[in-house]
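Look over the sequence and the structure before reading on.

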Amino acid sequence: VTITKVIWWGGPYNWVAGDPPVDYFNVYFYSGDQCLPEERIAVYMSTLPTKIDLGFGVHGFPMFQFELDVNVPVAAFTRYWVSCQADDHIFPPQWGWEEAATQVECQAMFVSVYFGYPSWVTAETLWGYPLDHAFALECTCGGSAADETTWGAVKALFQ
């Protein structure tokens, strides 16, 4: 199985009109079969993903869809982690990854020496509730088009 594209949604927050855009990202893939990222298995530094303007989100900040072609071989039925980190922006604004769900098996994790978190901490530690971020993966998942499967079975490959 090879992950061929990562898609994520987000945009600046604490944004005011005229703030510089956020265009470049560092994208990391990690192993981590438990609910914790472990070893980096792929790194894409200072990438320029395709950026699709989705207008303004519910809080009045710009919202975008980002798409990046990647080539990350992974094993089926194994948990992996993806991190999409803004690379080129000047503060303000801050960049935020769109929240997707609050009922999750493994919640989003955060690490940043700059912000005082040198080791991975849960989203709940930062925001007071567990959550996951909005993203999707495309892959070469093997099998033939005639094989019976469900979207849930495919999605289970990439938790």
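**Q107 and its surroundings**

Leaving aside residues up to four places away in sequence, Q107 touches W81, T122, A123, E124, Y129, P130 and L131. The model is predicted. The points below cover this residue, then a sheet.

**Position and burial of Q107**

- Q107 sits in a loop, with β8 (99-101) and β9 (109-112) on either side of that loop.
- Q107 counts as buried because its relative accessibility is 16%, and buried means under 20%.

**Contacts of Q107**

- The side chain of Q107 has a polar atom 2.8 Å from the backbone nitrogen of E124.
- A polar atom of the Q107 side chain also lies 3.3 Å from the backbone nitrogen of A123.
- A123 and E124 are both among the residues that Q107 touches.
- Y129 is another residue on that contact list. Along the chain, Q107 and Y129 are 22 residues apart, and their C-alpha atoms are separated by 9.3 Å.

**The three-stranded sheet**

- Three strands form an open sheet in the order β3-β2-β6, and the pairing is antiparallel.
- β3 (40-47) and β6 (80-86) are the edge strands, each pairing on one side only.
- From one strand to the next, the twist averages 10°.
- Five bridges join β3 to strand β2 (residues 25-31), in the antiparallel sense.
- Which residue in β3 does Y28 stand opposite? The residue is V43.

Notes: Residues numbered from 1 in each chain as written. Predicted model: local features only at pLDDT ≥ 70, side-chain atom pairs only at ≥ 80, totals over all residues. Heavy atoms only, no water. Helix = DSSP H or I, 4+ residues; strand = E, 2+ residues; numbered from the N terminus. Buried < 20%, exposed > 50% of the residue type's maximum accessible area, 1.4 Å probe, protein only. Contact = heavy atoms within 4.5 Å. Polar contact = N/O pair within 3.5 Å; in protein donor to acceptor, adjacent residues only side chain to side chain. Pairing = 2+ DSSP bridges. Axes fitted to C-alpha atoms, helices over the stretch in contact; angles between N-to-C directions.
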